[in-house]
Amino acid sequence: MVIVGSGHGGAQAAIALRQAGHAGTIVMLTRDRTPPYERPPLSKDYLAGEKPLERILIRPEAFWAERAIEVRLGTEVVAVDPETRILTTGEGARIGYGTLIWAAGGEARRLGCPGADCGGLHTIRHRHDVDALRGELSAGTRRAVVIGGGYIGLEAAAALRKLGCEVTLIEQQDRLLARVAGAALGSFFRDEHRRQGVDVRLGTEVVEILSAAGRVTGVATGGGEVIAADIVIAGIGITPAVGPLITAGAKGGNGVEVDAFCRTSLRDVYAIGDCAAHPNPYADGSLIRLESVQNANDMGNCAARAILGAPEPYRALPWFWSNQYDLRLQTVGLAQGYDMEVLRGDPKERSFSVVYLRRGQVIALDCVNRTRDYAQGRRLVEARARVAPEALANAELPLKELL
Ligand code: FAD
């Protein structure tokens, strides 16, 4: 059993295989040079310097050897031969597999505009990305420009404010979180970040990165403005890491396609996590990629079951969280395709939820500092409940009573 990738998906697949009694070899090959660790803290408390590496490890370092799971760090898989079942690593080593689980996640997209190859430009995907960024911060860089108003950009902006940086956040769309949430949540986070001193620029495009002596000095916008910067962080999405599998003939493009049991079109090759385009019941069965810890873990479990002969189709309820300042956002379901947003509670009180409906059915909730709504709303999403918007809007009425 060979697993490529040691993120949430790969680690969970290994754990699930052992827990289910698989006694054979498990080898995890990973480009990472750090034992399996969590990525969410990278843009939150690890960036803010509030959590050390030991506290973001998925399991204590000794765990893997104790369970006879061999983790080969610093090993990149560059080719897959599905006929001979042999993987080739960047160093030319050849490793055979019986079953392969591809859990390679994705790489942060880089800026494509002129000047985007100078020093001081960062992305946040790996631990070493954040270590490099923090190294520059402690050397006295103060003016940060964050490009991208999705979760990673917003979390990075919050962490940088905590570290005392001046922060400008640039978003091309006219609202924050446009890809994943509705207008109410985007406006709330815009106002919060501005209140915390972040200069939030919406509808603003970056056209060039300016530099001197090889280091960034500023960001030029489409409106002709130059925003001075000592560092720039791009949080503009990921490209799924599926090159070797696609070259080997696996079906896919934006991710490798899998069926409801995480099987790719290649024999005995499974794919899970950020890189896997899977049929999701909460997206009406259409093929989507989800970038969340929930999805990586649950697909890891799903693949392990299928491999060990107890298959169950993937139908886990999507959930997600984000921490910014003292705000805890919890999301359940997928808001894609919603045709109505219902607000529960008052955003000014910094504790409220947004319920998303499609054709009268509850499909998702975003809950800010409102864990009870999140816990109770899950059941509404699972049941695709039909609830009158007026009832959902009544913040005094517990959601569990609406099922
Ligand atoms: P990854 O965790 O990306 O792991 C991929 C692994 O594959 C890595 O070990 C990599 O080194 C390895 N790899 C890649 N290519 C190769 C190769 N060719 N050969 C060998 N190894 C390879 N999700 C949430 O639910 N909540 C959050 O708050 C949240 N915050 C996030 C913050 C940040 C900064 C980031 C980056 C992500 C965040 N996410 C969050 C998303 C979540 O971390 C991912 O969805 C999750 O890590 C996906 O797990 P994965 O195993 O699919 O991929």
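Which residues in α1 meet which residues in α7? H8, G9, Q12, A13, A16 and L17 in α1 meet V293, A296, N297, G300, N301, A304 and I307 in α7; contact means heavy atoms within 4.5 Å. This is a predicted model: local features need pLDDT of at least 70, side-chain atom pairs count only at pLDDT 80 or more, and totals for chains, interfaces and linings use all residues. Residues are numbered from 1 along each chain as its sequence is written, and side-chain values use heavy atoms, leaving out hydrogens and water.

**Helix pair**
- Helix α1 spans residues 8–19 and helix α7 residues 293–307; helices are DSSP runs (H or I, at least four residues), numbered from the N terminus.
- Their axes come within 8 Å and cross at roughly 35°; axes are lines fitted to C-alpha atoms over the stretch in contact, with angles from 0 to 180 degrees between N-to-C directions.
- The contact of α1 with α7 has 7 nonpolar, 6 polar and no charged residues (Ala, Val, Leu, Ile, Met, Phe, Trp, Tyr, Cys and Pro count as nonpolar, Asp, Glu, Lys and Arg as charged, the others, Gly among them, as polar).

**Second largest pocket**
- A184, S187, F188, D191, E192, R195, L343, P347, K348 and R350 line this pocket.
- Helix α5 (residues 183–195) gives the most to the lining, with 6 residues.
- By class, the lining has 4 nonpolar, 1 polar and 5 charged residues.

Technical notes: Helix = DSSP H or I, 4+ residues; strand = E, 2+ residues; numbered from the N terminus. 1 Å grid on protein atoms, 1.4 Å probe; cavity = no way out; pocket = protein on both sides within 12 Å on 5 of 7 lines; lining within 4 Å.
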